[in-house]
Amino acid sequence: MAEPSSDLLPLERKLSELLAALSQSETDEDWREVADAAQALANGLRAKDGSIDNHTLLGKTSLIKTLSSLFTIARHDSAIPDSKYTTPILEILRVSANLCMDHDDNRASLLDAGLPQALVSLLEAYTESVDFSSGLKPLPLSLPHLKVVRTAVGVLLNASVGYDPVKVRLISLEAGSTLLKLSTAVFPPGSWLSTANLTTEIEEEWQIRSTLSAWVWRALLELKEVKDESLQSLSAKDLSLLTFSLIAFTSPYRSTSSNVLIDDHDMFCNLLQTDFEALEESCTHIESLSLDIENVRVSLAQEFKFPSTGSNLSIILDFIEKGEYSPLWENAPDDFDVSRKKKAFDMCKAALIKTVVEVAGEEGAEKSLWDETDEKKGGEFVSRMVGWLKGYVSDMGTGSGVFFDRIDLAICASLSLGNLTRTERNANVILSPPHSLAPVLSSQHLLSPSTDIQVKHGVLGLLKHISQAGPPGSNIHIILGQAGLIRTICDSGVWDEKTDGMAEVLQVSAIGVVKHMCNGNVENTFGLVLPSVDEVPSGLSQILALVKRADTVTVKSEGTRVLVNVVKSLWSGDIIGTPVITMSSPIADGSVDAVALAGKERKKQDSMKAVITMPCATALASLVGRSAQFPLLVNEGVVALTLLSTQKAGAPFVLEAILAPLSFESHSPASTDPPSASTSVTTDVSSPTIATPSTRGHFPNPKTPLDMLIAVLKNVDNPVNFQPEVRTNVCSLFIQLGRNNSGEAFAKVKDTVRPVMEKLLDGLQGVRGKDEMLVKAIKKVLDTWASR
């Protein structure tokens, strides 16, 4: 064996001479000499710390071209070399692998000589006969051929580590797919369990297969880390190879009682490690592909719709649901580190849950995952997600079962359904038989103070999409309300002070759910406004407390919009479409309907009393004062304040609130989502459309809500346009305040606002259309004030 400090140039010249001889005629002796010279050269290149830099010296010779030519001759135009040439080919590849180890110049020369390209072709040939439908049978290869394949992978690995030119070329040749197919064929996870007899040769064979698998995953990692992020080493067509390893870890497991490799502790540990590495790397690649490539997400969904072509998504779902720690781990040696493997295994599931959620969220995938036909009720994927949620809630209730404490399933199902349930049609499907998911989503096992925060996140996100899918007062809100959802959310602790900062997203989602449910639905409003029998604070009081202590405009504004909807619902003329009871109503006969109606009216009056308070008026006035950017939010606050002012008890609170100093930044974004349109409930208050921002002026910076109301009336020199409807609604507020207020405070309002209105009238002379409506409203305000 040559020493690291030895001059290896004579061996290079020897190989060059042998190439010249073989080019004329071949003899077995010549090939034996090639093998011997190459072996000595490869051994001499295994280390780089000698006194002679052989790697650089040899790279400057014709050695690399010689190696490439010898490799080509040895194949004899055959895709797979004859067994008699496997030894010289093995040694030629060993020289190539060692020569380019940590040496970019030699890597470049190797690439120029076409050897990496030739090796990809060789490996493709080995995989052409692979039939994965046969199950977990490893590709039958002799030891010499296994060594050739392993060393070929070693060359590609050494040539590509940290060197982009080789990586880019390999990616263009789809080498990643070839390597993945090869690894899966040579070492299918769990296939070693079929070994019945143990010999030295069999032990060596599995050692080679295991090493080859490890090298492939390292090579795939290198290809993935190419600097050009637009290049992908794997694609949608490789998914079936990546999901192959999941099957070995999905129940039921194959029998292991007669396997002889278990008795060899070192080998046993190595094979267990290789199995798990295949799983771990596969899950990592699946997650990465699904996050980065739209076509992968669409492909996973389409395969699920047409399972005859094989469904990788089904395999992923089976693994998430039924995948378990390998029973072999119970007998693993200490150095296998079972505790770490279990944590990593759980992370594999978490990665695939991300994949499922991403697929469900892909716009182009919805048609494949959601069956639109009425008889399918959403289809197989939807049914499975619903089944996971129902199973989780049921088994948590009994304290046992296959879904007990499977928060991962609850998270995956809720997030996936949330991505698919964005339309009224889809929302109705999962709330109707056979799914009937409303009672499940209202369960304390999904929403309680002790519920895992990720479960809450998924469930509240799903509920938010469901609740906003239907129009105000829709059947969706009725079903959710009858399931007791409002009470469950109020009791869940999501708005407690201890969750501030840590769970703002959850708080906003929960606010969104009740905001939509209370819009046009008085029964749901009762559930939010009135305290429960166990004296837990009402949901509305929890939200208002959160609004008061919140640091973000999103929470303050969205929380206050709940109050807006509460006020609008309570001040509507009907209770769920039924006329309000009058003194002449025939309730004395004790009929069920009459008694129930009386109970509803009593709840309505109690609820109105609960919101005619200073804190509510202050919250609504603050919404107006800090929403200069959003005319819609200003209008919503004005509408609610106007309704409060229709009550003699409410008008003084509103008056005090609009005169109070604002204590919060008024220019900040009011919501991460565009505010939805608001409708009014009285003849004096109209509904605006969304205003179009302009580039003129600057936002008002009011010191009090009254300043903002005046700015809305003026509507000059501001970046947004307050439409005539919004300005008219401000007039309606002033009319109501005038009807139910008097004294110095109201006189101050009149003295401040009257000159503004009189000046507006002068500038609006002769207008038509909506501006004419504004003129009439201003005149009505002035006339009302003049008569008092």
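This is a predicted model: local features need pLDDT of at least 70, side-chain atom pairs count only at pLDDT 80 or more; totals for chains, interfaces and linings use all residues.
Where is Pro-434 placed? Pro-434 sits in the loop between α21 (424-431) and α22 (438-441).

Start with the background. Most residues other than glycine have a negative phi, and most peptide bonds are trans. Now for some exceptions here.

Back to our loop. Pro-433 and Pro-434 are joined by a cis peptide bond, and its omega is near 5°. Here is another cis bond. It links Ser-251 to Pro-252, with omega about 5°. Pro-252 also lies in a loop, the one between α13 (244-247) and α14 (265-292).

Next, phi. Asp-102 is not a glycine, yet its phi is positive, about 55°. Look for Asp-102 in the loop between α5 (86-99) and α6 (104-112). Is Asp-102 buried or exposed? Its relative accessibility is 58%, and the cut-off for exposed is over 50%, so Asp-102 counts as exposed.

Glu-174 is another non-glycine residue with a positive phi, near 55°. Glu-174 belongs to the loop between α9 (164-172) and α10 (175-186). Its relative accessibility is 43%, so Glu-174 counts as partly exposed.

Now a helix: α8, residues 143-160. Just past α8 comes Gly-162, with a positive phi of about 70°.

Last stop: a helix pair. Helix α34 covers residues 705-714, and helix α36 covers residues 744-763. They pack at an angle of about 10°, and their axes are 10 Å apart. Angles under 35 degrees count as roughly parallel, so α34 is roughly parallel to α36.

Which residues of α34 make the contact? They are Leu-706, Ile-710, Leu-713 and Lys-714. From α36 come Val-749, Thr-752, Val-753, Val-756, Met-757 and Leu-760. Sorted by class, the contact has 8 nonpolar residues, 1 polar and 1 charged.

An α-helix has 3.6 residues a turn, so residues three or four places apart point the same way.

That is the tour. Thank you.

Notes. Residues are numbered from 1 along each chain as its sequence is written. Side-chain values use heavy atoms; hydrogens and water are left out. Helices (H or I, at least four residues) and strands (E, at least two) are DSSP runs, numbered from the N terminus. Buried means under 20% relative accessible area, exposed over 50%, partly exposed in between (1.4 Å probe, protein chains only). Axes are lines fitted to C-alpha atoms, for helices over the stretch in contact, and angles run from 0 to 180 degrees between N-to-C directions. Angles under 35 degrees count as roughly parallel, over 145 as roughly antiparallel, 65 to 115 as roughly perpendicular and the rest as oblique. Contact means heavy atoms within 4.5 Å. Ala, Val, Leu, Ile, Met, Phe, Trp, Tyr, Cys and Pro count as nonpolar, Asp, Glu, Lys and Arg as charged, and the others, Gly among them, as polar.
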